[in-house]
Amino acid sequence: MTEHPRDTPQFYLTAPSPCPYLPGREERKVFTHLVGERATQLNDVLTHGGFRRSQSIAYRPACEHCRACVSVRICVNEFVESRSFRRVRQANDDLIGDMRTAVPTAEQYSLFRAYLDSRHGDGGMADMSVLDYAMMVEDSHVRTRLIEYRRRGPDTAINGRGHGALHGVALSDVLADGLSMVYSFYEPEAPARSLGTFMILDHVTKARAMGLPYVYLGYWVNGSAKMDYKRRFLPQERLMPAGWERVD
């Protein structure tokens, strides 16, 4: 019998379940565990291959008759903000994103709960407790960061931090070639701010400052209205059967 090293990834296939994006379809996923000393390198490789991370699991769709889920990454160095994006920037000019160690707090969970109840009350995460949230943040064997968005304060130019109430949070992985946005949530009662769009724009700025060429947005699903926003961030690359293809 051939023996495999303990840190060699083993892949598994889920049973079919209802698709959360396209009504009337089923989804299956292939997944593996991101643990051990090589977890960071493995996360890089798998993300390049279209996988996403959830806690210590890396997964990607493996549906038998559908290829609608397409991995998307923004080309940071060539990204130019449109007029509508500039308006979003201006609407949130009073906010600053502070990148910090991924440590959950009660304040974050309170905002997370308000966001879920307002936007995704019938979704798969609707029943997440404070312990579930803590696991989502802490259960990572890769380089993960939290970005907290607060209003700018008198000392922001010095310490890079805001003050006051929390307006948004992004849980993101730092890869060798980019930032991968794992999950984000924000104040649901401030639609004029377009906080979801603003946090993506801020990740582009942060990736550029860090010398990273991409921001990974996860899956764009053709035909899914709630995923359609991702195609607005151009130029971008989409993972097709022949590899990453540029879309302008």
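Q: In this predicted model, at roughly what angle do the axes of helix α2 and helix α6 cross?
A: Helix α2 covers residues 83–91 and helix α6 covers residues 195–209, and their axes come within 10 Å. Because angles of 65 to 115 degrees count as roughly perpendicular, α2 is roughly perpendicular to α6. The crossing angle of the two axes is roughly 95°.

Q: Which residues of α6 make the contact with α2, and how many residues of that contact are charged?
A: On the side of α2 the contact is made by Phe85, Val88 and Arg89, and on the side of α6 by Thr197, Phe198, Leu201, Asp202 and Thr205. Sorted by class, the contact of α2 with α6 has four nonpolar and two polar residues, and the charged residues number two.

Q: How are α3 and α4 oriented to each other, parallel or perpendicular?
A: Helix α3 (residues 106–119) and helix α4 (residues 130–138) have axes that come within 10 Å and cross at roughly 105°. Since the range from 65 to 115 degrees counts as roughly perpendicular, the orientation of α3 and α4 to each other is roughly perpendicular.

Q: Which strands do the buried residues of α1 pack against?
A: Helix α1 spans residues 39–48, and its buried residues are Ala39, Leu42, Asn43, Asp44, Leu46 and Thr47. After α1 comes glycine 50, with a positive phi near 95°. The strands against which the buried residues of α1 pack are β4 (29–33), β5, β6, β10 (162–174), β12 (214–221) and β14 (243–247).

Q: Which residues does serine 56 touch, leaving out those up to four places away in sequence?
A: Serine 56 is found in the loop between β5 (52–54) and β6 (57–61). With a relative accessible area of 13%, serine 56 is buried. Not counting residues up to four places away in sequence, serine 56 touches Thr32, His33, Leu34, Val35, Asp139 and His141.

Q: How far from the sulfur of cysteine 69 is the nearest cysteine sulfur?
A: The structure holds zero disulfides, and cysteine 69 is accordingly in no disulfide. Cysteine 69 is partly exposed, with a relative accessible area of 26%, whereas cysteine 75 counts as buried at 5%. The nearest cysteine sulfur to that of cysteine 69 belongs to cysteine 19, at a distance of 6.1 Å.

Q: What relative accessible area does tyrosine 229 have?
A: Tyrosine 229 has its place in the loop between β12 and β13 (236–240). From C-alpha to C-alpha, tyrosine 229 and leucine 131 are 31 Å apart in space, and they are 98 residues apart in sequence. Tyrosine 229 is partly exposed, and its relative accessible area is 37%.

Q: How far apart lie the end C-alpha atoms of residues 17–87?
A: An unreviewed UniProt entry lists residues 17–87 as "domain: N-end aminoacyl transferase N-terminal". The span is 21% helix and 34% strand, and its end C-alpha atoms lie apart by 40 Å.

Technical notes:
Residues numbered from 1 in each chain as written. Predicted model: local features only at pLDDT ≥ 70, side-chain atom pairs only at ≥ 80, totals over all residues. Heavy atoms only, no water. UniProt positions renumbered as here; feature names shortened; annotations may be inferred. Helix = DSSP H or I, 4+ residues; strand = E, 2+ residues; numbered from the N terminus. Axes fitted to C-alpha atoms, helices over the stretch in contact; angles between N-to-C directions. Parallel < 35°, antiparallel > 145°, perpendicular 65-115°, else oblique. Disulfide = S-S within 2.5 Å. Buried < 20%, exposed > 50% of the residue type's maximum accessible area, 1.4 Å probe, protein only. Contact = heavy atoms within 4.5 Å. Nonpolar A, V, L, I, M, F, W, Y, C, P; charged D, E, K, R; others polar.
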